[in-house]
Amino acid sequence: MNKIVLVTGASRGIGLEVAKLFSKEGYKVIGTSRGDFNLGDLIGDSSAMSVQLDLMSKESINDLFEVLKSKDILPSVLINNAGITKDQLFLRMKDKDWDEVIETNLNGLFRVTKAFIKPMVKNKFGRVINISSVAGLMGNSGQVNYSSSKSAMVGFSRSLAKELGSRNITSNVVAPGFIETDMTTFLNDDDKIEVSKNIPMKRFGTVEDVAKCIVFLASDNANYITGQIISVDGGLFMY
Ligand SMILES: NC(=O)c1ccc[n+]([C@@H]2O[C@H](COP(=O)([O-])OP(=O)(O)OC[C@H]3O[C@@H](n4cnc5c(N)ncnc54)[C@H](OP(=O)(O)O)[C@@H]3O)[C@@H](O)[C@H]2O)c1
């Protein structure tokens, strides 16, 4: 096993914190964004690698695979974190809003995992951690597209767990609740107070809350955990 992790969507929010925490744990971190960014500067680790990747483009995923292969730094830990929302009530939801979210969150997950899983199979070690959402477990008004993509991640992760458990590859889901990032900035302070009333811990989560769980699932402490959903949501959804 190598200590190399690939984090999609590492330019900000949860992905950036995940990259920072893996770096502290001694991993070589490869982080992606659609644009130009300098992960090393953002997390204070000059060995971190910043790469461009667009989940909507199979070509960009395959290009990244070839680059990492040529440098002999294919990851043994894959964090499928990048994702988007295009919220709208179902009756008003445009085909484009549906297509873009499914294409990014679900088809992107398929493409990235498909590209990077084979070396893990060969090495008989791998950790795949997919970032879903509480919305994929309990549904959310205005998020039929997003919830569908995030629920599908559960079936994806569990089927993969069944197929690859014998190869020492674990596949788990982390389902964050409401976390303070760009994705939740559309909520104003009054909305946040209202939402928090339904959260047993009475607050939004932090990126650290989520990142710690993700790093745990990649660690030796989680060697026998696969096919699971771990909610990091302050108790918002209990099942
Ligand atoms: N925040 C929450 O409350 C919350 C709750 C539940 C689940 N989640 C999930 O947690 C994950 C991270 O969320 P976040 O709040 O940290 O989001 P965020 O702050 O909006 O960051 C999203 C990340 O995804 C990347 N990204 C977006 N579209 C992409 C594409 N087509 N190809 C490649 N990268 C793309 C962005 O990179 P660039 O824009 O730099 O390309 C960015 O790094 C997402 O999957 C989200 O659904 C978040």
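V77 lies in strand β4, and this residue is a handy place to start exploring the structure, which is a predicted model. V77 counts as buried because it has 26 C-beta neighbours inside 10 Å, and 20 or more are enough for that label. From here we can look at the sheet, then the core, then the ligand.

**Around V77**
- Leaving out residues up to four places away in sequence, V77 touches V5, R127 and A218.
- V77 and L6 are 71 residues apart along the chain, yet 6.4 Å separates their C-alpha atoms.

**The sheet**
- Strands in a sheet pair through backbone hydrogen bonds, and the pairing can be parallel or antiparallel.
- Here, 7 strands make an open sheet with parallel pairing, and their order is β3-β2-β1-β4-β5-β6-β7.
- Which strands stand at the edges? They are β3 (49-52) and β7 (229-232); each has a single partner strand, so one side of each has no neighbour in the sheet.
- On average, neighbouring strands of this sheet are turned by 20° against each other, ignoring direction.
- Strand β4, residues 77-80, pairs with strand β5, residues 126-131, in the parallel sense over 4 bridges.
- Within that pairing, I79 has I129 in β5 as its bridge partner.
- Helix α1 (residues 13-24) packs on the sheet and touches β1 (4-7), β2 (28-33), β4, β5 and β6 (169-176).
- The direction of α1 makes about 165° with that of β2.

- In soluble globular proteins, nonpolar side chains tend to be buried together.
- In this model, the largest nonpolar core has 59 residues, and V5, A19 and I214 have the most contacts inside it.
- Which helix gives this core its largest share? Helix α8 (residues 207-218) does, with 8 residues.

**Around the ligand**
- There are 28 residues around the ligand, and those that come nearest are G9, G13, R34, G83 and T181.
- How many residues of each class does the shell have? Sorted this way, the shell around the ligand has 13 polar, 11 nonpolar and 4 charged residues.

Definitions and conventions: Residues are numbered from 1 along each chain as its sequence is written. This is a predicted model: local features need pLDDT of at least 70, side-chain atom pairs count only at pLDDT 80 or more; totals for chains, interfaces and linings use all residues. Two strands pair if DSSP finds at least two bridges between them. Helices (H or I, at least four residues) and strands (E, at least two) are DSSP runs, numbered from the N terminus. Axes are lines fitted to C-alpha atoms, for helices over the stretch in contact, and angles run from 0 to 180 degrees between N-to-C directions. Two residues are in contact if their C-beta atoms, placed from the backbone, lie within 7 Å. A residue is near a molecule or strand if its C-beta atom, placed from the backbone, lies within 6 Å of it. Ala, Val, Leu, Ile, Met, Phe, Trp, Tyr, Cys and Pro count as nonpolar, Asp, Glu, Lys and Arg as charged, and the others, Gly among them, as polar. A residue is buried if 20 or more other C-beta atoms lie within 10 Å of its own, exposed if 12 or fewer, and partly exposed in between; C-beta atoms are placed from the backbone. A nonpolar core is a set of buried Ala, Val, Leu, Ile, Met, Phe, Trp, Tyr and Cys residues joined through C-beta atoms within 7 Å.
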